[in-house]
There are 2 protein chains.
Amino acid sequence: MSNKKEKVREITPMDEDFSQWYTDVILKTELVDYAPVKGFMVIRPYGYAIWENIQKEYDNRFKETGHKNMYFPLLIPESLLQKEKDHVEGFAPEVAWVTHGGDEELGERLCIRPTSETIICNMYSKWLTSWRELPYLYNQWCSVVRWEKSTRPFLRTSEFLWQEGHTLHETYEEAQAETLQMLDIYREVAENILAIPMVVGQKSEREKFAGAYATYTMEALMYDGKALQSGTSHNLGQHFTKAFDITYTDRNGEIAYPYHTSWGVSTRLIGALIMVHGDDNGLVLPPKVAPTQLVIIPVAQHKEGVLDKAYEIKKQLEKQFRVEMDDSESYSPGWKFNQWEMKGVPIRLEIGPRDIENNQVVAARRDNGEKVILSMDHLNEGIEKLLEEIQNSLYNKALKMREEKTYIAKNKQEFTKILETTPGFIKAMWCGDVECENKIKEDTGATLRCIPFEQEDLGTHHCICCGKEAKKMVYFAKAY
Amino acid sequence: MSNKKEKVREITPMDEDFSQWYTDVILKTELVDYAPVKGFMVIRPYGYAIWENIQKEYDNRFKETGHKNMYFPLLIPESLLQKEKDHVEGFAPEVAWVTHGGDEELGERLCIRPTSETIICNMYSKWLTSWRELPYLYNQWCSVVRWEKSTRPFLRTSEFLWQEGHTLHETYEEAQAETLQMLDIYREVAENILAIPMVVGQKSEREKFAGAYATYTMEALMYDGKALQSGTSHNLGQHFTKAFDITYTDRNGEIAYPYHTSWGVSTRLIGALIMVHGDDNGLVLPPKVAPTQLVIIPVAQHKEGVLDKAYEIKKQLEKQFRVEMDDSESYSPGWKFNQWEMKGVPIRLEIGPRDIENNQVVAARRDNGEKVILSMDHLNEGIEKLLEEIQNSLYNKALKMREEKTYIAKNKQEFTKILETTPGFIKAMWCGDVECENKIKEDTGATLRCIPFEQEDLGTHHCICCGKEAKKMVYFAKAY
């Protein structure tokens, strides 16, 4: 197993240096590379194929719930960005400014969209006239730019790909229902397709979106015990619709301001996939999102009939699954095994002369290393079942990991000790005061991730920080 | 038919003012709107749905021919843009420059990609090592920015959506085969899906892409007799690979530069759709690209059973087709007929009490206004056949239009007269000299659209401009 040893040297072990492990995995599996401009990333074909699968899952669900896609310009005039007070304060420090078009200096600076509320509201105010046109249920897929000082591919980059939904409604209740519906779609795909369990809830005032009335979030826990905010959905109330003077004639013939939501998920989800499922040998991809669900590797492929049979099987399987064949002669089967293992392909199918004799193939599971003998007679059914098992097993493993790394702290001493010794989610009681939130952040580096919808009794009713009466059970963690 | 009259007033007749007709159609059908920044467009949901259909058709074919998608950064350092001499000369005057990130002035200006050859070559030079990795067959879907002085939505805008393929090959011949293969895929989708006949051929040196060895193009003729360059495919030779020092170890163990292609189609194709098929009542969309292939409009919908039956039919049809139901009570059927006609929906299905009695529906064709009675018993088959007929009929109509507007000029006098009286494609002989090309442009405003693959004998062998011996039969036209 000399190949194995080589591999181990290639990727830094997770428990030795998790940050280096992440960098090794994303570069060596060719998911991504660093761009010439600091903080920007190139998403390579293998990484982009994962994004395409994520996009497809979300886009289908957006459309099923009545949303349509559209496209708004990349550039936003400075004067538009400034219309909503909280919004400009939140985003102005991190936008990129275009000052020249060709040889000419522009009369007004334009920012590259950091998010599109302002330009979309500007157009909505032009379009909307009557309650008959509501709700507006629109979304766009695009890239956004936020000038970040400290970056990591997928997790925090100066440009990333995402979708941003922007809807208008007649009532606050409808906007709130939309906000929660979209959060639930986010969670459902994250859990069922990406196999990542999520904690869902509301952001505190300190952590909410710049300009929002209320922000809801789904939070995942990574292998190293840090949290990753994985998707947010905002009830924007009438903050923007008033600032941008979006009005319409309501059912009573009165002029009214609509209620407004926005919501987004991004290429950050790929970072979550890597850090939740990966291991010392590289990526581990859930079958439903894997660009390649199974790879066929012929063994002793020079022997008569092996390649023919391998291609026959490929043809049969690729009607139903995403299949690759690796019959290159430049590398040994062992080397290939390691490569595809590193790439996280859920199933490796080995086919050699003896397998053909026995009318079988050997299926090796990436998630737990087990080898399963499958009969060629019912191969598609066998593979389907195995992929399902792998998908479920990855979710359960991730859930178990999160549960093991979720702690309860009843006082600040416990809180600090947990963070120092066994980082993870910390459930604690909170008085609702931003002062306490700030103090925890300053003293420990942990932030309030969310006020979960599922409140629990922790056996104490005192704020973790000030000791006063607590209003909510919340999740704290250090976060990406 | 008072509604009809209202409609005629809404959209300027094509023959009265084609430019105003175009503007009326794109705005009133809500395909697009003008953005706050001059020269930029907002692609509204109806326009974006057309783009999604175009994307899907091309993306499937790119993948079938072995290409994978990826994503490169929006911003390119000025120093990279300058590496290929012809390329920077062509693009530098029309790029947007980012000079500030947040509050800080950047050390080096960054341009928003006008096209991505330079940044992609920069990364390819880092990645490529061996002939075993070739060919590189990659593509990206994104937006690009080119600072245009005179703009029209879809046809020429400062930002547009497109795809750009970027491939590397071992030999010139392979790169040339790829260049022509992609041009043929462009043509095939344009003709079979968008129902737009194309002239395909090579661009002259004057008209080729900045930095290309050879550019190939597909050119369509619009209703007003002007040409629209609709997609281009470039054999870039080794111009960029040498400028960016992309090298690899070839089959003989020598260091070599690969051969390079790039190719793109854009949202401009939506402009072609509008100007080839549209009429005085608005859009006419070919079924294969129409976001809505048929709309069901219940007649006397308050009568018992009408709405139920209409919904039953919708449910049955939407398994196979893209169907909308318009059962709003705010508008009369006549008003609805006009709206959906303007939107270019290929088939309108009318269902009223008498139709239900007779076990039939009335299908009105958008392309020629004909009404067809379809039995409910074989409705799906009936609709399928009708959509096919409409698709073919639109292509044939467009081909006939182009043939009627394609002329032969044997000398400059004929050439000028055609342009002044009956604008269209002009086939003429050309000596191959750029001086003649420039002179024709200066004197008449027409440009050399392409040197078609299908050369014809025009009965003269003298250059249309200088009268010397001609080398090629070419197409001239005024163009968008």
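Trainee: Let's start with the second largest pocket. Which residues lie nearest its centre?
Mentor: This is a predicted model, to begin with. Nearest the centre of the second largest pocket are B:F91, B:R146, B:R156, B:E207 and B:Q229. They belong to a lining of 43 residues.
Trainee: What volume does the second largest pocket have?
Mentor: About 1,200 Å³.
Trainee: How do the lining residues divide into nonpolar, polar and charged?
Mentor: Eleven are nonpolar, 16 are polar and 16 are charged.
Trainee: Which elements of chain B each supply at least two residues of that lining?
Mentor: One helix is among them, α5 (85-91). The strands are β8 (159-169), β11 (227-237), β14 (259-266) and β22 (447-452).
Trainee: Switching to chain A. What domains does the assignment give there?
Mentor: Domain 1 covers 2-277, domain 2 covers 294-402 and domain 3 covers 406-477.
Trainee: How many residues are in contact between domain 1 and domain 3 of chain A?
Mentor: On the domain 1 side of chain A, 19 residues touch 17 residues of domain 3. Together these two domains of chain A bury about 1,400 Å², with 63% of that on carbon and sulfur atoms. Their C-alpha centres are 27 Å apart.
Trainee: New topic: cavities. How many are there of 30 Å³ or more?
Mentor: The count is one. The largest cavity holds about 30 Å³ of space.
Trainee: What lines the largest cavity?
Mentor: B:I196, B:P197, B:L221, B:V276, B:A398, B:M401 and B:R402. Six of the lining residues are nonpolar, none is polar and one is charged.
Trainee: Which helix gives the largest share of that lining?
Mentor: Helix α13 (residues 379-404) of chain B, with three residues. As for domains, domain 1 (2-277) and domain 2 (294-402) of chain B each give at least three residues to the lining of the largest cavity.
Trainee: Last one. What rotation superposes chain B on chain A?
Mentor: A rotation of 180 degrees, with 0.0 Å of shift along its axis and an RMSD of 0.0 Å. That is how a two-fold axis relates two copies. In chain B, the C-alpha of B:V98 is nearest the axis, 2.1 Å from it.
Trainee: What share of chain B's contact residues recur in chain A?
Mentor: 100%, so the same surface serves both copies.

How values were computed
Residues are numbered from 1 along each chain as its sequence is written. Chains are lettered from A and ligands numbered from 1 in the order in which they are written. This is a predicted model: local features need pLDDT of at least 70, side-chain atom pairs count only at pLDDT 80 or more; totals for chains, interfaces and linings use all residues. Side-chain values use heavy atoms; hydrogens and water are left out. Copies are superposed by least squares on the C-alpha atoms of residues with pLDDT of at least 70 in both. Contact means heavy atoms within 4.5 Å. On a 1 Å grid over the protein atoms alone, a cavity is a set of points where a 1.4 Å probe fits but cannot get out, and a pocket is an open set with protein on both sides within 12 Å along at least five of seven lines; lining residues have an atom within 4 Å of a point. Grid points are joined across faces, edges and corners, and a volume is the space filled by probe spheres set on the points. Helices (H or I, at least four residues) and strands (E, at least two) are DSSP runs, numbered from the N terminus. Ala, Val, Leu, Ile, Met, Phe, Trp, Tyr, Cys and Pro count as nonpolar, Asp, Glu, Lys and Arg as charged, and the others, Gly among them, as polar. Domain bounds come from an automatic or database domain assignment. Buried area is the accessible area (1.4 Å probe) that two parts lose on being put together, summed over both.
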